[in-house]
Amino acid sequence: MPGIKLSEKAIGLIKTICSDFGNQGSELINVLHQVQGKLGYLPAEVQEVIAKELNISVAKVYGVVTFYSFFTMIPMGEHPISICMGTACYVRGAEQVLSEFKRQLKVEVGQSTPDGKFSLNCLRCVGACGLAPVVLVGEKVFGRVSPQMVKTIIAEYKEVGASEVKSA
Amino acid sequence: MAEYNMHILVCGGTGCMASQSELIQTNFKNKLNEYGLADEIQVILTGCFGFCEKGPIVKILPDNTFYTRVTPEDVPEIVDEHIIKGRKLERLLYLNPETNERIGDSKGMDFYKKQIRIALRNCGFINPENIEEYIARHGYSALGTCLSEKSPAEVIRMVKDSGLRGRGGGGFPTGLKWELTRKSFSDQKYVVCNADEGDPGAFMDRSILEGDPHSVLEAMAICGFCIGADKGLVYIRAEYPLAIERLKIAIGQAREYGLLGNDILGTGFNFDIEIRYGAGAFVCGEETALIHSMEGQRGEPTVKPPFPAEKGYNGKPTNVNNVETFANIPVIINKGAEWFASIGTEKSKGTKVFALAGNINNVGLIEVPMGITLREIIYDIGGGIKDGREFKAVQTGGPSGGCLTKSFLDTPIDYDNLVAAGSMMGSGGMIVLDDSSCMVAIAKFYLEFTLEESCGKCTPCRIGNKRLYEILEKITDGKGELEDLNRLRMLSNVIKDTSLCGLGQTSPNPVLSTLDNFYDEYLAHVNSSTCPAGQCKALVNYTIDADKCTGCTLCFRNCPVGAISGEKRGLHYIVQSLCIKCGVCFEKCKFDAVLIA
């Protein structure tokens with residue numbers, strides 16, 4: 001991955017978050033949550049700043065970031081698509097829905113489309129099992145999704161920016 | 001509080017919120033304002049009603065009217081008909097599929113008849129964001145009783161006598177755990193609530209936190225009083241934003257009312273609660289892993305002993321209980337240990353919440369007495385198998401559990417019977433499978449989950465499960481051999497025997513249990529390269545039956561890859577080299593002309 005030059009503003013933000021948590025190593029997970037919430041993802045350069053601020057090794061930060069599935073080192077698409085792969089969704093056909101998304105977007109799980117519009121991910125149970133299979137685009141939940149609906153869902157987001165899509 | 005003549009309860013659980021229940025609430029409020037009824041009728045966004053299949057749910061009190069699949073557009077009609085004219089709106093009432101009758105009162109619904117709600121007692125009844133509604137239903141009275149009338153030892157005695165066992169999966173006696181932590185000597189102790197619900201397909205903890213967060217806070221304070229801790233921590237998944245939000249509101253309100261903080265109820269007892277966030281790791285459901293995660297480290301388990309009761313968070317004695325376990329505590333204190341122990345079986349007391357999901361008519365959250373049979377759950381409460389298909393198995397205990405077949409339909413469900421049947425209680429996921437599910441593929445599905453979630457510390461779990469997965473993949477690809485079935489069994493047993501924590505020790509259970517109960521299905525994959533359920537793609541071909549095809553072109557129009565050719569009103573056929581085996585043609589065909597072979 002090519003190196004990223006962090007802006008002064010981003011570095012300042014990370015430092016503020018770290019000091020909010022008293023620059024304590026034991027607060028690492030809380031710090032990571034906050035930073036990812038602001039920056040969207042946690043590339044190596046960000047981890048280096050955090051490690052320095054909390055006075056722990058970069059290896060330790062990296063170890064924690066890669067351990068938990070919630071943390072990501074690659075940026076998400078403008079419209080992150082998540083397919084629920086919980087058991088309830090699986091037995092009601094989530095796998096077919098996922099492969100249809102892969103086919104339509106021509107990306108694998110964990111990747112983004114070249115235009116940065118969509119990223120594709122799986123997640124485990126959003127707890128809306130009554131609506132299985134469930135797909136999330138951003139915060140919006142689509143329930144009882146069939147492979148045939150995939151095209152329509154993508155089309156809904158293709159031309160518009162994130163803010164323009166109203167919750168249906 | 002104002003007096004209301006009528007209450008409109010709108011389900012605010014995650015499932016129903018995804019179906020716009022918030023807008024339904026707003027529409028109700030606006031409509032009632034229009035009629036000038038806002039002071040007489042209260043609209044409340046409650047926790048989960050449990051009947052997720054038919055959500056969004058709207059319930060109207062005092063007459064218990066239960067409306068299902070309500071849309072925001074239905075609201076004006078409900079107000080006009082039900083509120084103004086006093087007539088129930090027939091078309092939105094629950095339809096009993098057997099009698100074809102509409103049921104107006106939720107008490108008459110089979111889904112609720114066999115349930116006993118203890119942990120879920122307030123879910124769907126109160127506004128979880130208002131502490132006064134919790135207090136009105138005896139909330140915090142158990143804490144008051146404990147602090148002013150009982151000694152810690154007496155309360156622990158009660159919890160022990162009630163027979164309550166850990167609801168997170170292990171089933172360890174809760175009272176005993178409290179006693180062990182109480183006996184540890186230290187200047188600082190902690191109460192931890194495990195809300196890191198990781199079992200895919202189980203959502204009871206989230207529903208309790210969303211629907212009745214105060215019951216958990218109250219129980220944690222009681223636990224703190226018993227073990228001698230003044231600090232509580234809730235470890236919750238970051239993926240549960242709504243539960244986190246409601247928990248934060250609840251903690252704030254409890255502090256405001258002097259039910260958390262210093263000198264609670266003037267008794268000199270101090271206790272406060274903080275929230276810690278999980279970041280998506282199934283293994284963190286294990287106590288020691290959870291504690292490491294709270295300390296900001298990788299959530300890897302460590303050897304027990306020392307148990308958290310001796311050396312837990314920050315090296316101090318820590319009592320970890322699951323959300324559902326805590327939710328039972330205030331009721332045990334209020335109604336007595338004997339009352340609680342009168343429900344359930346000899347060794348499993350009380351109730352259990354199950355997340356009923358999969359190929360079943362009534363998906364939802366249910367709370368049933370221990371000792372109920374699977375048949376009652378699936379057919380009476382669950383309304384039977386979806387689309388009239390055949391029951392095949394039920395999977396309990398998630399990735400650590402196993403499958404129960406037809407022969408277990410009448411076994412009373414409790415901790416010990418489930419283990420004897422080759423599965424386990426787990427956190428209470430209950431996935432119903434019909435005859436279209438391939439059991440080898442199900443075992444593979446769970447293994448894939450374990451592979452992703454193994455923390456990598458122990459070799460048998462990290463590498464052994466990978467090998468298990470590869471063998472299963474070989475079998476579902478039609479390349480398996482008979483010897484593979486023995487390899488699966490042998491390797492499974494090694495992983496069970498040699499892993500450190502619960503995750504590794506139970507990870508081969510889905511494989512072993514399907515091998516035991518569905519050996520024929522494995523044999524079919526291995527010996528004749530067929531998948532009896534028609535699910536393993538590598539082993540099936542879709543073809544069109546010339547005698548049945550009417551040339552309606554429905555399959556042709558729906559095929560996503562253009563693999564179907566044929567003229568209108570002529571015979572259609574599938575070009576095998578293009579077919580991606582998605583099964584759309586099979587689902588779409590109205591004449592059963594598409595065959596799976």
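In chain A, helices α2(A) and α3(A) pack at an angle of about 140 degrees, and their axes are 12 Å apart. Axes here are lines fitted to C-alpha atoms, for helices over the stretch in contact, and angles run from 0 to 180 degrees between N-to-C directions. Helices (H or I, at least four residues) and strands (E, at least two) are DSSP runs, numbered from the N terminus.

The contact is made by A:L28, A:V31, A:V35 and A:L39 of α2(A), and by A:V46, A:I50 and A:L54 of α3(A). Two residues are in contact if their C-beta atoms, placed from the backbone, lie within 7 Å. By class, this contact has 7 nonpolar, no polar and no charged residues. Ala, Val, Leu, Ile, Met, Phe, Trp, Tyr, Cys and Pro count as nonpolar, Asp, Glu, Lys and Arg as charged, and the others, Gly among them, as polar.

A word on the source. This is a predicted model, in which local features need pLDDT of at least 70 and side-chain atom pairs count only at pLDDT 80 or more, while totals for chains, interfaces and linings use all residues. Residues are numbered from 1 along each chain as its sequence is written, and chains are lettered from A and ligands numbered from 1 in the order in which they are written.

Staying with α3(A), residues 44-54, the buried residues are A:V46, A:Q47, A:V49, A:I50 and A:L54. Buried means 20 or more other C-beta atoms within 10 Å of the residue's own, exposed 12 or fewer, and partly exposed in between, with C-beta atoms placed from the backbone. Seen down the axis of α3(A), the buried residues fall within an arc of 160 degrees, so they line one face of the helix. The arc is that of the directions from the helix axis to the C-beta atoms. These residues pack against α1 (8-20), α2 (28-39) and α4 (58-67) of chain A.

Next, the backbone. A:N55, in the loop between α3 and α4 of chain A, has a positive phi near 60 degrees and is not a glycine. With 10 C-beta neighbours inside 10 Å, A:N55 counts as exposed. A:N23 sits in the loop between α1 and α2 of chain A and has a positive phi of about 50 degrees. A:N23 has 15 C-beta neighbours inside 10 Å, so it counts as partly exposed.

Chain B has cis peptide bonds. One runs from B:G55 to B:P56, with omega near -5 degrees; B:P56 is in the loop between β2 (41-46) and β3 (58-61) of chain B. Another joins B:L61 and B:P62, with omega about 15 degrees.

Chain B also holds an open sheet of 5 strands in the order β9-β10-β8-β7-β11, with mixed pairing. Strands pair if DSSP finds at least two bridges between them. At the edges stand β9 (261-264) and β11 (318-322) of chain B, each with a single partner strand, so one side of each is left without a neighbour in the sheet. The twist averages 25 degrees from one strand to the next. β9(B) and β10(B) pair in the antiparallel sense over 2 bridges, and B:G261 stands opposite B:F271.

Last, the interface: 38 residues of chain B are in contact with 34 residues of chain A. On the chain B side, 17 residues are nonpolar, 17 polar and 4 charged.
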